[in-house]
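Thank you all for coming; I would like to take a few minutes to walk you through a structure that may be new to you. Please have a look at it first, and then I will go through its packing element by element.

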Amino acid sequence: KLILLDSLLQENHAETNIMTQNPKRDNVWKHQHIWKTIFSTLYENKLNDDELPPMWIQFKQEHFRKDDLQGVFKDHAALFHRQAQQTFNDHYHESTICDELICRMKNDAVFKNEEWKTIVFSIRDRKSSKLDVHLTVPIIVGGQTKFMNNDELEEKFMLDHPDLFKKQMSIPSQFFYDDCIEGHLNRNALSEMMGKLVMEKR
């Protein structure tokens, strides 16, 4: 089974005591904590191992160890600012079990969204494999179905979008807007014309 992103982003509002009745503010809060939420969901995942790919199995609470987090901060030190590294080291040495370490990190404002994103990606990639060059997907080209691998898809994309990496493009001599049918006929002109017709009929 695949883990859908929607299920990863679900969160118990009662546990946070931070969520408000303001939907806009709630969305901002979720966006700022999205990767911590994803890590927590993966860590607390109750699905059986045989239902998950290896990259997600390693996140589960029964498999996860303090040393896994220490390895991330050690192997990817350049991706963490100094305060985050120092704070992690303090939490690591003060925690006796992994649950305690993760709880300390989740409640520490030093570890922001980018830190949690780096943690999730780094651990995931330990069990990720390279994309199979022989793996293809069906693509409709010229009304016909053609099977393409990743390299062929990238090549086709670049051919379809030749100006993608151009820094500057010429400015057109004329601009056309959605509300223009002819140069002299736009929404304002139509409204004015219809108003005159109504007045004349009266």
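This is a predicted model: local features need pLDDT of at least 70, side-chain atom pairs count only at pLDDT 80 or more; totals for chains, interfaces and linings use all residues.

At what angle do helix H7 and helix H8 pack, and how far apart are their axes? Residues are numbered from 1 along each chain as its sequence is written, and side-chain values use heavy atoms, with hydrogens and water left out.

To the answer, then: H7 (residues 82–94) and H8 (residues 98–106) pack at about 145°, with their axes 9 Å apart. The axes are lines fitted to C-alpha atoms, for helices over the stretch in contact, and the angles run from 0 to 180 degrees between N-to-C directions; helices (H or I, at least four residues) and strands (E, at least two) are DSSP runs, numbered from the N terminus. On the H7 side the contact, meaning heavy atoms within 4.5 Å, is made by Phe-88, His-91, Tyr-92 and Glu-94, and on the H8 side by Glu-100, Leu-101, Arg-104 and Met-105.

H8 also meets helix H6 (residues 66–75), and there the axes come within 8 Å and cross at roughly 45°. H6 and H8 are therefore oblique to each other, where angles under 35 degrees count as roughly parallel, over 145 as roughly antiparallel, 65 to 115 as roughly perpendicular and the rest as oblique. Lys-66, Leu-69 and Phe-73 of H6 touch Cys-98, Leu-101, Ile-102 and Met-105 of H8.

Next, helix H4 (residues 34–43) packs with helix H9 (residues 113–126) at an angle of about 40°, and their axes are 7 Å apart. H4 and H9 are therefore oblique as well. Among the residues in this contact are Trp-35 and Phe-39 of H4, along with Trp-116 and Phe-121 of H9.

What about aromatic pairs, and how many does the structure hold? There are 11, counting rings of Phe, Tyr and Trp (its six-membered ring) with centres within 6.5 Å, and calling planes under 30 degrees apart stacked, over 60 edge-to-face and the rest tilted. One of them joins Trp-35 and Phe-121 edge-to-face, at 5.1 Å centre to centre and 80° between the planes. This pair links distant parts of the chain, since Trp-35 lies in H4 and Phe-121 in H9, 86 residues apart.

Finally, strand S1 (residues 137–141) and strand S2 (residues 144–148) pair in the antiparallel sense over five bridges, where pairing requires that DSSP finds at least two bridges. Val-137 has Met-148 of S2 as its bridge partner, and Ile-140 stands opposite Thr-145. The two strands form a hairpin with two residues between them, and Gly-142 in the turn has a positive phi of about 60°.
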